[in-house]
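Take a look at the sequence and the structure below.

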Amino acid sequence: MSENKDILLDIRDLSVQFNTDSGVVKAVNHLNMHLERGKSLGFVGETGAGKTTTALSILQLVQTPPGEITGGEILFNGQDVRKMTDAEKRRLRGGDVSMIFQDPMTSLNPIMTVEDQITEMVQLHLNLKGEAARERAIEMLRLVGIRPERAKDFPHQFSGGMRQRVVIAIALACRPQLIIADEPTTALDVTIQAQVLELIKKLQQSEKTSMLLITHDLGIVAETCDTVAIMYAGHLVEYADIKSLYTNPKHPYTQGLFNAVPTLESPLGSRLAVIPGLPPDPTNLPKGCSFSPRCPYAQPICHEKACGMREIEPGHFVDCHFPLTPESGNKFLEHPAKEAE
Amino acid sequence: MTMSDNLIDIRHLKKYFNVSSGLLHAVDDVSLTIPRGKTLGLVGESGCGKSTLGRVIIGLIKETAGEVFFNGEDATKFSGEKRAEFRRHAQIVFQDPFSSLNPRMSVSQLISEPLIINKSCKSKAELDAKVAELMDLVGLASRLTTSFPHELDGGRRQRIGIARALALNPEFIVLDEPVSALDVCIQAQVLNLLADLRESRGYTYLFISHNLSVVRYVSDEVAVMYLGKVVEKADNSTLFRQPLHPYTQALLSAVPIASVGPKKQRIILEGDVPSPVNPPAGCRFAGRCMYRQEICTQQTPELVEVEPNHFVACHCTGHLVRHA
């Protein structure tokens, strides 16, 4: 890793587990990644892959117990958030790092006007008082395209898209250095999603904010992010810049993921190539590579020993013994999987 | 007209709901046909009336006006045994397999419920055999017979929902966002299952979804709804290759593309979908449309055939065809 890059967030060897009645859930295992200032990183994976747990770890919001960060460092501006004092953590949460949650219906306070909700944040983190805080709130609403005369309205008086704009206004009000957006548009319709993504991109560029975008939609990542990290069963499996990963995926899971999504360009009348089977039980991860039981390229060593992340091209990391090359073809297509067990 | 080519023929169907603020036009004068053995995709954003339309067609909600011809007979006039028979032939799979299954019933109880209610099996042995056959058909392992919904993942739960819909040998199935709650890999498995079933059993589907890529993948014909009205209908390849209604164009351009390289021109619509309560006269889309003319706010455009089997409800279609 070259030192001349301006790295805002550097996660080193992070492991998080949940101690539940049915066993230890290894939610995140030895995760390494970093994010440069002003850039955005797409974080892709299925439900339960550990994306949200990683995001919550950055803010030190993993509930303990049952959750537990068992190892690693999370360096934000060079300082390990795990070693921060409570006062420092409070400044981090909502101040330097803010979060946009998936569901704007539940992340806003239903009995406060939207203006008051932004003002509250500004008073807490920017040290603005009274009229100055109120002005900042109105300015933020205007920035996200909400007319000032609606500032005194309550969340239920807004549509889903407008509510998500309010959440974005709150997230940006304190000029954070990092935004964590957890599925910010999943609850929205596609035309509204396009509006919101356009807005996030524009604001991110004008405010020079970094973004960690959690999503399962590869299309959104392609249109919004600079780099992308693919997660599977608590492990980062591939990590590269957008262009390299989309044109030349190296991990079989990434290839399978691309196959499984119908797009507006995919040929009509063909079957979708699916990844056989289901993600593993997180309390009982398979020996070796966790994707090996579902991998059509798997060799005996894959079931014995995990490979670990390695850089096979500059900036392109993959956790696979046999990274794909353009000559590998596509085994998901050659052997259409039977879904029934 | 006993055996029509169109299994489903909807004519001027309307469904209005009385709400405190007025009359909510959920489905407003919709006419559609679905040929036997084909899939009609119905797309639109939340609140456009697509789910209401699906439910009115199979008689789960009583229509305000209009007719639904099923096999050439008006299903809205059915009563008694005739109505029960229609209900057996027209089934629905719901969106959310987490809330549409009774959490206190096992997989076999859930699948046998429709068979027991309709007294389709004469003996316990016949019932068990039928349940086993259905589970096999939708790809559920027999070891799951005694499992409960909370023990299963979303994909398997949705397979139970599909098995329940197939239990009574229907001809027509409304699929109301059947894969929206599923992860992408599971979604692909369920889509393949639905395609296989249609091929082997000749079902006719109404596939309701907000996901354009999925609709494009499964449908023969596609209808686009906006605020209770069908604004465009065409066969699959035509609609996605050459959309003519300004709303369809905006909808298609809003879908994020999972590839790098030159980006297509994106149409960002201004504002939100207006309320379907007491909608104003004229075109429902006029307020957000960049081609708006004076006539658009005065007169409601009719769905007209602008080229063979391509229907568009827009006053400016002539203009759009030239620029497409």
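## A cysteine in a loop

B:Cys283 is found in the loop between α9 and β11 of chain B. Helices and strands here are DSSP runs, numbered from the N terminus: helices are H or I with at least four residues, strands are E with at least two. Is B:Cys283 buried or exposed? B:Cys283 counts as buried because it has 28 C-beta neighbours inside 10 Å. The cut-offs are these: buried means that 20 or more other C-beta atoms lie within 10 Å of the residue's own, exposed means 12 or fewer, and partly exposed is in between, with C-beta atoms placed from the backbone.

Which residues does B:Cys283 touch, leaving out those up to four places away in sequence? They are B:Cys296, B:Thr300, B:Pro301 and B:His315. A contact needs C-beta atoms, placed from the backbone, within 7 Å. B:Thr300 is 17 residues away along the chain, yet the C-alpha atoms of B:Cys283 and B:Thr300 are separated by 4.9 Å.

## How to read the model

This is a predicted model: local features need pLDDT of at least 70, side-chain atom pairs count only at pLDDT 80 or more, and totals for chains, interfaces and linings use all residues. Residues are numbered from 1 along each chain as its sequence is written, while chains are lettered from A and ligands numbered from 1 in the order in which they are written.

The pLDDT is the predictor's confidence in each residue, from 0 to 100. Chain A averages 87, and 96% of its residues score at least 70. Over residues 337-341 of chain A the pLDDT is below 50. That stretch has nine contacts in the model beyond near neighbours in sequence.

## Antiparallel strands in chain B

Strands pair if DSSP finds at least two bridges between them. Strand β1 (residues 6-19) of chain B pairs with strand β2 (residues 22-35) of chain B in the antiparallel sense, over ten bridges. A hairpin of two residues links β1(B) to β2(B).

β1(B) also pairs with strand β4 (residues 65-70) of chain B, again antiparallel, over five bridges. Here B:Lys14 stands opposite B:Ala65, and B:Arg11 has B:Glu67 as its bridge partner. β4(B) in turn pairs with strand β5 (residues 73-74) of chain B in the antiparallel sense over two bridges. B:Phe69 is partnered by B:Asp74 in β5(B). Two residues lie between β4(B) and β5(B) in their hairpin, and B:Asn71 in the turn has a positive phi of about 55 degrees.

## The open sheet

Chain B also has an open sheet of eight strands with mixed pairing, in the order β6-β7-β8-β3-β9-β10-β12-β11. Which strands stand at the edges? They are β6 (90-93) and β11 (304-307) of chain B; each has a single partner strand, so one side of each is left without a neighbour in the sheet. The twist averages 25 degrees from one strand to the next.

Strand β3 (residues 39-43) of chain B and strand β9 (residues 221-226) of chain B pair in the parallel sense over four bridges. B:Gly41 has B:Val222 in β9(B) as its bridge partner. α9(B) packs on the sheet and touches β9 and β10 (229-235) of chain B. The direction of α9(B) makes about 105 degrees with that of β9(B). Such angles run from 0 to 180 degrees between N-to-C directions, with axes fitted to C-alpha atoms, for helices over the stretch in contact.

## Where the chains meet

36 residues of chain B are in contact with 39 residues of chain A. α6 (184-201), α7 (212-218), α8 (236-241) and α9 (246-253) of chain B each give two or more residues to this side of chain B. α6(B) gives the most, with eight residues.

## Chain A as a whole

The secondary structure of chain A comes to twelve helices and twelve strands. Buried residues make up 45% of its 341 residues. Helix α1 (residues 51-58) of chain A is mostly covered, with six of its eight residues buried. Among them are A:Lys51 and A:Ile58. Just after α1(A), A:Gln60 takes a positive phi of about 55 degrees.

Note on methods. Contact = placed C-beta atoms within 7 Å.
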